Amino acid sequence: MATRLASALLNILYPERCVACGAFGLPLCEPCEAGMTPCSQGGRCPNCSGRWEDGGNCPRCFAWDALDGAITAFDLEGSARRVVHGLKYRYVEALAGVMSESVAKLPPAASFDIAYPVPLHRSRQRRRGFNQAALILNRIGWVGGPGRLERIRKTGTQVGMRHAERRANVRGAFRYTGPALDGLNVILVDDVVTTGATANECARVLKDHGARTVRIAAFARANYDHSVDAPILD
Ligand SMILES: [Zn+2]
Ligand SMILES: [Zn+2]
């Protein structure tokens with residue numbers, strides 16, 4: 001009763017508003033949701049969901065030597081960008097629901113054995129108070145993997161780094177401890193895929209422990225030929 005009263009009061013003081021346009025009602029209103037660009041539209045790299053008009057695989061995911069593919073729901077722009085920022089920097093927790101619904105519908109949902117959230121370094125997680133990737137995965141409810149995948153080295157911001165720099169930056173940043181993953185197909189979950197360098201490094205570690213395939217599913221895909229790329233931190 002007290003909790004319900006408190007939440008009713010909170011709703012009066014801070015009614016739910018659309019993170020993209022400010023309309024009252026939902027964390028993401030229907031028009032703003034409808035305005036996002038699905039990664040199933042337009043010319044796409046079949047391997048990484050990135051925009052790519054030239055057919056075949058794009059040069060970006062060609063650099064992945066452990067990650068087997070990325071599948072993402074929306075381009076990281078407009079409302080989708082607001083959703084990502086709203087969860088990560090403003091902790092609008094309801095947005096984890098919006099994102100997990102989209103990720104759960106992605107095609108690979110039926111073709112993996114176990115899932116891991118892309119881990120944050122514990123100091124960053126402590127500062128932020130949560131790992132957005134884990135929030136999304138928890139809400140989807142996919143079967144988690146055994147053991148523990150963790151980020152053991154702080155990698156700092158990767159904003160503005162090119163793929164090769166990001167790759168060097170994340171090298172050795174992750175560790176898996178637990179039983180062998182022999183023959184298992186793994187899906188990583190995150191809010192955003194940018195270059196995929198972080199997920200590729202997670203994939204390398206998981207494959208060192210026997211994983212057969214490792215792909216990543218995420219809410220948004222950064223197509224960073226944009227001149228106005230706002231910073232996205234891991
Ligand atoms: Zn809206
Ligand atoms: Zn690609």
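Lys88 and Asp191 are both buried, where buried means under 20% relative accessible area, exposed means over 50% and partly exposed is in between (1.4 Å probe, protein chains only). Their side chains meet in a salt bridge at 3.1 Å, N to O. By salt bridge we mean a side-chain nitrogen of Lys or Arg within 4 Å of a carboxyl oxygen of Asp or Glu. The pair ties together distant parts of the chain: Lys88 sits in helix α4 (residues 78–88) and Asp191 in strand β5, 103 residues apart.

A word on the ground rules. This is a predicted model, so local features need pLDDT of at least 70 and side-chain atom pairs count only at pLDDT 80 or more, while totals for chains, interfaces and linings use all residues. Residues are numbered from 1 along each chain as its sequence is written, chains are lettered from A and ligands numbered from 1 in the order in which they are written, and side-chain values use heavy atoms, with hydrogens and water left out.

Back to the charges: the structure holds 10 salt bridges. Here are some of them.

| Pair | N to O distance |
|---|---|
| Asp68 and Lys207 | 2.8 Å |
| Lys88 and Asp191 | 3.1 Å |
| Glu201 and Arg204 | 3.1 Å |

Asp68, in the loop between α3 (59–62) and β1, and Lys207, in helix α9, are 139 residues apart. Asp68 counts as partly exposed because its relative accessibility is 33%, and Lys207 is partly exposed too, at 26%. Glu201 and Arg204 are both in helix α9, three residues apart, or about one turn of the helix. Glu201 comes out buried at 3% relative accessibility, and Arg204 is buried at 15%. Then there's a network of salt bridges linking Arg44, Arg51, Asp75 and Glu77.

Now for the sheet. Helices (H or I, at least four residues) and strands (E, at least two) are DSSP runs, numbered from the N terminus, and two strands pair if DSSP finds at least two bridges between them. Four strands make an open sheet in the order β1-β6-β5-β2, with parallel pairing. β1 (69–75) and β2 (114–117) are the edge strands, each pairing on one side only. Strands β5 (residues 185–193) and β6 (residues 213–221) share eight bridges in the parallel sense, and Ile187 has Arg215 as its bridge partner in β6.

Helix α9 (residues 197–208) lies across β2, β5 and β6, running at about 155 degrees to β6. Axes here are lines fitted to C-alpha atoms, for helices over the stretch in contact (heavy atoms within 4.5 Å), and angles run from 0 to 180 degrees between N-to-C directions.
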